[in-house]
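Reader: I have a model open and want to know what stands behind the labels put on it. Please take me through them.

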Amino acid sequence: MAIRIVAIVVALAALGMVLWLIFGKGQKSWDEMSDNEQKRKKTLVTGGILVFLAGLFAALFMGKKK
């Protein structure tokens, strides 16, 4: 049960990070970013989505008995 709670917390934190990266007020617009900044932002958003999905799947499938 505790693993499921930790997985949900991690998933929500990753989702919050992704939403902040996309919609945050302090973020530059895509056109104002250099190529390096665009690559870094793509990597951060992709990593955040992957961590969100991993946490979600862990919460759903961990602890289920066969």
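Author: What follows is a set of questions on labels and the values behind them. This is a predicted model: local features need pLDDT of at least 70, side-chain atom pairs count only at pLDDT 80 or more, and totals for chains, interfaces and linings use all residues. Residues are numbered from 1 along each chain as its sequence is written, and side-chain values use heavy atoms, with hydrogens and water left out.

Reader: What makes up the secondary structure of the protein chain?

Author: Two helices and zero strands. Helices are DSSP runs of H or I with at least four residues, strands are E runs of at least two, and numbering starts at the N terminus. Helix α1 covers 2-23. Helix α2 covers residues 35-61.

Reader: How do you know what span is expected for α2?

Author: The expected span is 1.5 Å times one less than the number of residues. For the 27 residues of α2 that gives 39 Å. From first C-alpha to last, α2 reaches 39 Å, close to that expectation.

Reader: How does the radius of gyration of the protein chain stand against a compact globule?

Author: The radius is taken over C-alpha atoms, and the globule rule is 2.2 Å times the number of residues to the power 0.38. For 66 residues the rule gives a value near 11 Å, but the protein chain has 15 Å. Its C-alpha atoms fill a box of roughly 50 × 20 × 10 Å along the principal axes.

Reader: Why is Q38 called buried?

Author: Buried means under 20% relative accessible area, exposed means over 50%, and partly exposed lies in between (1.4 Å probe, protein chains only). Q38 has 16% relative accessibility, so Q38 counts as buried. Q38 is found in helix α2. Leaving aside neighbours within four places in sequence, Q38 is in contact (heavy atoms within 4.5 Å) with W30 and M33.

Reader: Which other residues of α2 are buried, and what do they pack against?

Author: Besides Q38, the buried residues of α2 are K41, V45, G48, G55 and A59. The buried residues of α2 pack against α1. Over the protein chain, 20% of the 66 residues count as buried.

Reader: What makes W20 exposed?

Author: W20 has 52% relative accessibility, so W20 counts as exposed. W20 lies in helix α1. Its C-alpha atom is separated by 9.7 Å from that of V45, 25 residues apart along the chain.

Reader: And why is A58 called partly exposed?

Author: A58 has a relative accessible area of 24%, so the label is partly exposed. A58 is placed in helix α2.

Reader: What makes E37 and K28 a salt bridge?

Author: The term needs a side-chain nitrogen of Lys or Arg within 4 Å of a carboxyl oxygen of Asp or Glu. The side chains of E37 and K28 meet at 3.1 Å, N to O. The pair therefore meets the salt bridge cut-off. A search of the whole structure finds one salt bridge. E37 is partly exposed at 22%, and K28 is partly exposed at 42%.

Reader: Which residues make the nonpolar surface patch?

Author: I49, L50, L53, L56, F57, L60 and F61 make a patch of about 660 Å². Patch residues have over 30% relative accessible area and no salt bridge; like charges are joined within 9 Å, nonpolar side chains (Val, Leu, Ile, Met, Phe, Trp, Tyr) within 5 Å. L50 is exposed, with a relative accessible area of 53%.

Methods. Accessible areas come from the Shrake-Rupley method with a 1.4 Å probe; for residues, only the protein chains shown count as cover.
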